[in-house]
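Subject: Structure for your files

Hello,

Please find the structure below, with the sequence. Notes on what was found in it follow.

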Amino acid sequence: MKNREGEVVSAGQDGFCEWQSGSVRRHSDHISTTSSCGTSTFRLFDHITVRISVRSLHCHADALNLEVVSNEPHRGTAEPQRPSSQGRSRLVQEVVRLAEEATQQAQEKAARQPKLSREEREFSQSKTPNLYSLLEEVRELALLDPEAASRVTATTA
């Protein structure tokens with residue numbers, strides 16, 4: 001309802017909105033903008049016409065820019081245009097082609113992956129030293145008798 005320059009959206013007699021200097025007041029059930037043309041009130045779920053555009057910025061990602069055009073619903077064609085049957089069949093063919101390509105890529109990816117053992121598939125464990133085997137060794141060492149462990153280290157040294 002307010003732009004970067006501090007101007008507020010103001011609806012004219014014909015319903016079209018323009019930016020003018022003024023103020024915005026937020027209420028619990030509506031927003032009012034006051035300008036030299038008068039006061040415009042916008043309520044939640046009001047049907048209005050909005051222009052949507054992409055604002056490109058140099059330092060940041062692109063952003064959507066929403067601009068109120070009219071405080072009335074858009075008066076476009078009464079009935080939405082439906083795609084022709086030929087256009088619809090092309091769309092279906094394109095979707096089928098993309099699905100087949102995705103399936104083929106998934107199969108190729110699965111073929112490139114190495115075959116895993118039952119343990120690796122079931123428990124996500126590898127045969128190489130890992131954290132689980134290290135912790136198992138620590139647990140086994142903790143269960144040893146301290147005197148026996150000192151004898152083992154003395155004989156290995």
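Is Leu 64 buried or exposed? Leu 64 is exposed, because its relative accessible area is 60% (buried means under 20%, exposed over 50%, partly exposed in between, with a 1.4 Å probe and protein chains only).

Before the rest, the ground rules. This is a predicted model, in which local features need pLDDT of at least 70 and side-chain atom pairs count only at pLDDT 80 or more, while totals for chains, interfaces and linings use all residues. Residues are numbered from 1 along each chain as its sequence is written, and side-chain values use heavy atoms, with hydrogens and water left out.

The surface patch

Leu 64 is found in strand S6 (strands are DSSP runs of E, at least two residues, and helices are runs of H or I, at least four, both numbered from the N terminus). Together with Val 50, Ile 52, Val 54 and Leu 66, Leu 64 makes a nonpolar surface patch of about 510 Å². Patch residues have over 30% relative accessible area and no salt bridge; nonpolar side chains (Val, Leu, Ile, Met, Phe, Trp, Tyr) are joined within 5 Å, like charges within 9 Å. A salt bridge is a side-chain nitrogen of Lys or Arg within 4 Å of a carboxyl oxygen of Asp or Glu, and areas come from the Shrake-Rupley method with a 1.4 Å probe, where only the protein chains shown count as cover for residues. S5 and S6 each supply at least two residues of the patch, and S5 gives the most, with three.

Ala 63 lies in S6, which covers residues 63-70, and is partly exposed at 22% relative accessibility. Beyond its neighbours within four places in sequence, Ala 63 is in contact (heavy atoms within 4.5 Å) with Ser 53, Val 54 and Arg 55. The C-alpha atoms of Ala 63 and Ser 53 are 8.5 Å apart.

Thr 49 lies in S5, residues 49-55, and is buried at 14%. With residues up to four places away not counted, its contacts include Val 68, Glu 72 and His 74.

Glu 72 sits in the loop between S6 and helix H1 (85-112) and is partly exposed at 36%. Its C-alpha atom is 8.1 Å from that of Phe 16, 56 residues away along the chain.

The core

The largest nonpolar core has five residues: Val 9, Ala 11, Cys 17, Phe 42 and Val 68. Such a core is a set of buried Ala, Val, Leu, Ile, Met, Phe, Trp, Tyr and Cys residues joined through side-chain atoms within 4.5 Å. Among the residues that Phe 42 touches are Val 9, Ile 48 and Val 68.

Regards
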